[in-house]
Amino acid sequence: RESDHRAWTPVSYTVTRQNATVQGLIEGKAYFFRIAAENIIGMGPFTETTKEIVIRDPITVPDRPEDLEVKAVTKNSVTLTWNPPKYNGGSDITMYVLESRLIGKEKFHRVTKEKMLDRKYTVEGLKEGDTYEYRVSACNIVGQGKPSFCTKPITCKDEIAPPTLDLDFRDKLIVRVGEAFSLTGRYSGKPAPKVTWLKDDIVVKEDDRTKVKTTPTTLCLGILKSVRGDSGKYCVTVENSTGSRKGFCQVNVVDRPSPPVGPVIFDEVHKDHMVISWKPPLDDGGSEITNYIIEKRDAHRDLWMPVTSATVKTTCKIPKLLEGREYQIRIYAENLYGISDPLISDEMKAKDRFRVPDAPEQPIIKDVTKDSAVVVWKKPYDGGKPITNYIVEKKETMATRWVRVTRDPIFPSTQFKVPDLLEGCEYEFRVSAENEIGIGDPSPPSKPIFARDPIAKPSPPINPEAVDKTKNSVDLSWQPPRHDGNGKIIGYLVEYQKVGDEEWKKANLTADSCPETKYKVTGLTEGLTYKFRVRAVNAAGESEPAYVPDPVEVKDRLEPPELILDANMAREQHVKAGDTLRLSAVIKGVPFPKVSWKKEDHEVSPKADIEVTGVGSKLEIRNTVHEDGGIYSLTVENPAGSKTVSVKVVVLDKPGPPRNLQVSEVRSDSCYLTWMEPEDDGGSVITNYVVERKDVASAQWVAISSSSKKRSHMAKYLMEGTQYLFRVAAENQFGRGPYVETLKPIKAIDPLHPPGPPKNLHHVDVDKTEVSLVWDRPDRDGGAEITGYLVEYQEDGADEWTKFQTVPMLDCVVTGL
């Protein structure tokens, strides 16, 4: 039965199974059902469904959700979106289940604990660098459906996308004054870009009229009640770490022009017409002046009459005037956007005024050379009649008489090149105008000029550079300018600027205080950094500045010492005795090194003159003697290091005396001399020795050898028994050295030898305490008379001999035995 009916409707009477299909039901209606069993006896009681059943298609779990997409990734979060399943299983979706799996693991884990029906979710608290994949399932009343297809593996890191820019405005925009305008667009980028607005390269600042609005995706610059000053080139920059994009718009805020610039000049005045001129407006309103509107009025009436409204020239003829009446003129400027306020003239009477022309203004002199000059003047009022000629005159400044420069007519040009000037002379010029009435007054004289070729300002100096510095100064150097402007360079102006400051300070006040191409800038502060620039100056003025390329930090420059040796500092230096010894070297290093000279590691002789200059040092010894020789060393030292060089100095002189003169092998007519070479050979090879002798009784030395190279000599031809002294000297190419002499005289005799033994020793008498001995003379006396005999005795068995006495004769009695 239907739930809202009471009557039961039979479905089947003959069902033998335990199930039945009920057909003919209406979808959406609720029904109750009952069943009774029946046998041959009859029908049993009914069993009824406990609750109503609504008829609808069968309910299953939902299909898988669709289009699971990753919308954003950062280093610790992932944002996902998806669409519902195509089929919800016949029942409304009750929630979605989002699951994730860390790549490398097997299981998916549920991300959301709460019940979620939104189809967008941001997973947070992830670890940077980890990679996940995600899937989502839908649930209905029946249960959880199949999961969606997995996302691609997603690594947690900040997304990077270069900026994009989509502008709603074109390259050019024209706006009327007072109107508002806005520049809008859209942008994107990851990370979120920074948006900057510039006008003519200056950052736009917000104020009452200027508004800047930026959202995460849109940008807008709006200006209310625009003024002419809002014209310019606007630029929007969208920039993040991956790049930047720029958009440009040339905005032109246009308005009607400002009034023409006065005063109105009455170029010609006649009885029936006038010719006027004026200057264009200072501001054309941002659009070209298309027209001037000129009106006139009788000074005694209020009515303005049109003259013309179709001219773009700044001059106009005012016709149809009544003679004697006074008139005023007014002029409007017009552009595409409107008509300006008027420029109104003074009153002017319409009448012929015929007289000689006015005097021109003071003429200007230009293009002066050594023999010519160009005189330039302005056309004066012509006196009512056209000017037919100009008269140009010159005079030397000290003279009184003016001379016409040419008899030829000068017209209509308002300039004339005056020839035939004398170089170096000073001239003045004046100009008169002439019309048919006559010649007008001359102009005031021009400023005096000298006839010489023109001087222009020089070009900048070349290659300025900082060549040295200390803790409070910097040395600059440069080269002269390429062009001196035909004038002598008076000098240079040097300026400096502390880095970070805007002001340049003068290092020298006048150019003539720096005539050279170098300058030391002093009074600087240690540790600060400065910029420098230099200008060249001639009579025409200052050149453009030339800049030292890099800023200079002011501090003592440290350069290790450097020695550049002169020729006299070679490894060995020879100097003749008596000459001057000079040793010198060029020294470099910053700060300038301390200089010290040493000889054999000791102080040099006080007789040495030592000079130290800013570029080197010099040692000088006059009248050198042999002792001045040795090894000299020059040491230079500063905080950056030290350097030493040495030179061996040899003073070339006569040799010293030979050493160890010995006499041997003395004979009655000769002896043998030997000696050793001198300790000091005088710096030159010993060429020979000179040997001399002298009889002790004589004052005269006699040379016995003067060319021997050997260190020995046999002195021959001596007289037996005579006593001699000998001496020897060494000679080299510089002369003969001092002699060495024998210490004592040498007697020319044959050498002595001990005598031979006595012969035939025997006793002739013996007592109990004494013995008498006799013997014969020896065979040889050794070359000298025998002076005595030594008698000795020895006890039998003993080792020692005992001396008894020396006797002159050939016998002796030995007593005391």
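1. Of the 817 residues in the chain, 37% are buried, where buried stands for under 20% relative accessible area, with a 1.4 Å probe and protein chains only. The model is predicted, with local features requiring pLDDT of at least 70 and side-chain atom pairs pLDDT 80 or more, while totals for chains, interfaces and linings use all residues. Residues are numbered from 1 along each chain as its sequence is written, and side-chain values rest on heavy atoms, without hydrogens or water.

2. As to overall dimensions, the radius of gyration of the chain is 66 Å, whereas a compact globule of 817 residues would have one near 28 Å; the radius is taken over C-alpha atoms, and the globule rule is 2.2 Å times the number of residues to the power 0.38. Along the principal axes, the C-alpha atoms fill a box of roughly 205 × 155 × 35 Å.

3. The chain holds 69 strands and 0 helices, both being DSSP runs numbered from the N terminus (strands: E, at least two residues; helices: H or I, at least four). Where contacts (heavy atoms within 4.5 Å) link residues at least 6 apart in sequence, 62% of them join residues at least 24 apart.

4. Arg533 lies in strand S43, which covers residues 529-538, and Arg533 counts as buried because its relative accessibility is 10%. Its side chain makes a polar contact of 2.7 Å with that of Glu495 and another of 2.9 Å with that of Tyr547; such a contact is a pair of N or O atoms within 3.5 Å, and within protein one must be able to donate a hydrogen and the other to accept it, residues adjacent in sequence counting only if both atoms are side-chain atoms. Beyond its neighbours within four places in sequence, Arg533 also has contacts that include Trp504 and Pro545.

Notes
Buried means under 20% relative accessible area, exposed over 50%, partly exposed in between (1.4 Å probe, protein chains only).
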